[in-house]
Amino acid sequence: MNSKLMINEIILDRDKIDNYDKYPFNIPIVKDFEKLKLNSPVTFFVGENGVGKSTFIEAIAVNLGLPKEGGTENFMYETNDTTSNLRDYLKIKIDNKPRTKFFLRAESFYNFSTEIERLVKEDNFYSLFKSYGGNLHECSHGEAFLKLVQNRFTENGLYILDEPEAALSAQRQLSLLCLIDCLVKKGSQFIISTHSPILISYRNGKILDLNDNFKEISYKVAEIYKLYKMYLDNSDNMQDRLFNS
């Protein structure tokens, strides 16, 4: 399975960096980063808010020629330039060329859907609606997410997802897991930043803890899993501790 991976290694060109006191190089996960070897068709980045998951995953996507707000290489649009220059310092080793690449980002998915609608209406690219399962603005946020994956993601693809669970109910996250597994069996690779205990349960994935310098961890060791389990097993006691402390 490893031989079919598209991305096998991500390296930070530390010789090009002259100041580690400036953003984004002052973020601990970047400051201490040298290289990362990927050995699974699905890699999960987990960690607390502010640790740098979105910064890192965005840098990977943009380094690969994908738009920072989401889409394929063919989408050239921008609503707000907040991208760090970390992308310019990464070396990404691609051993197998993907058939297609896509960056799916929860926080800018509305902008992506708007761009598709604009291309259809202004430039007469009517085939886009068919490719993406229709006008995504006419669906709920979660439905639009799943339609995109169902219609646009294909075999032998490289897919970078930033917190996809933001749009999805627990049931729909299970649906996404099924879609991911189906695509993995067809040669696709995923890199996913997430806070979802459901997504990281995927049995053929690897979980990397960005709170601990990309350390590989097991599912039940992940803080996401432990916190959700502790709360759901005894929510009354947890609320007593939270509200009465």
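Ile192 touches Val42, Thr43, Phe44, Phe45, Ile57, Leu161, Pro164 and Ile180 when residues up to four places away in sequence are not counted; contact here means heavy atoms within 4.5 Å. The structure is a predicted model, in which local features need pLDDT of at least 70 and side-chain atom pairs count only at pLDDT 80 or more, while totals for chains, interfaces and linings use all residues. Residues are numbered from 1 along each chain as its sequence is written, and side-chain values use heavy atoms, with hydrogens and water left out.

Ile192 is found in strand S7 (residues 189-193). Helices (H or I, at least four residues) and strands (E, at least two) are DSSP runs, numbered from the N terminus. The relative accessible area of Ile192 is 0%, so this residue is buried; the term buried means under 20% relative accessible area, exposed means over 50%, and partly exposed lies in between (1.4 Å probe, protein chains only). Ile192 and Leu161 are 31 residues apart along the chain, yet their C-alpha atoms are separated by 4.7 Å.

The protein as a whole contains eight helices and nine strands. Of its 245 residues, 51% are buried. Among contacts with a separation of 6 or more, 72% are between residues 24 or more positions apart. The accessible surface comes to about 12800 Å², and carbon and sulfur atoms account for 46% of this area; accessible areas come from the Shrake-Rupley method with a 1.4 Å probe, and for residues only the protein chains shown count as cover.

In soluble globular proteins, nonpolar side chains tend to be buried together. A nonpolar core is defined as a set of buried Ala, Val, Leu, Ile, Met, Phe, Trp, Tyr and Cys residues joined through side-chain atoms within 4.5 Å. The largest such core has 33 residues, of which Ile10, Phe45, Phe56, Ile60 and Phe214 touch the most other members. At least two residues of this core are supplied by each of strand S1 (7-12), helix H1 (28-31), helix H2 (53-63), strand S4 (90-94) and strand S6 (157-162). The element that gives the most to this core is H2, with five residues. Apart from this core lies another, of 28 residues, including Phe44, Ala167, Leu183 and Ile207.

Helix H2 is mostly covered, as nine of its 11 residues are buried. Among the buried residues of H2 are Phe56, Ile57 and Ile60. Phe56 and Ile60 are also touched by Ile10, whose other contacts beyond four places in sequence include Phe33, Leu36, Leu90 and Ile92. Just after H2, Gly65 takes a positive phi of about 90 degrees.

Several further backbone features were identified. Most residues other than glycine have a negative phi, and most peptide bonds are trans. The peptide bond from Tyr23 to Pro24 is cis, with omega near 5 degrees, and Pro24 is found in the loop between S1 and H1. Glu163, in the loop between S6 and H6, has a positive phi near 50 degrees. With 22% relative accessibility, Glu163 counts as partly exposed. Phe214 is not a glycine but has a positive phi of about 65 degrees. This residue is placed in the loop between strand S8 (205-209) and strand S9 (215-217), and Phe214 counts as buried because its relative accessibility is 7%.

Asp181 belongs to helix H6 (residues 170-184) and, at 18% relative accessibility, counts as buried. Leaving aside neighbours within four places in sequence, Asp181 is in contact with Tyr202 and Asn204. Ala144 is in helix H5 (residues 141-152) and is buried, with a relative accessible area of 1%. Ala144 and Leu168 are 24 residues apart in sequence, and their C-alpha atoms are 9.9 Å apart in space.

Rolling a probe the size of a water molecule over the atoms shows where empty space is left. On a 1 Å grid over the protein atoms alone, a pocket is an open set of points where a 1.4 Å probe fits, with protein on both sides within 12 Å along at least five of seven lines, and lining residues have an atom within 4 Å of a point. Grid points are joined across faces, edges and corners, and a volume is the space filled by probe spheres set on the points. The largest pocket holds about 250 Å³ of space. Its lining includes Val46, Glu48, His195, Asp209 and Tyr228. Helix H7 (residues 223-233) gives the most to this lining, with four residues. By class, the lining has six nonpolar, three polar and three charged residues, where Ala, Val, Leu, Ile, Met, Phe, Trp, Tyr, Cys and Pro count as nonpolar, Asp, Glu, Lys and Arg as charged, and the others, Gly among them, as polar.
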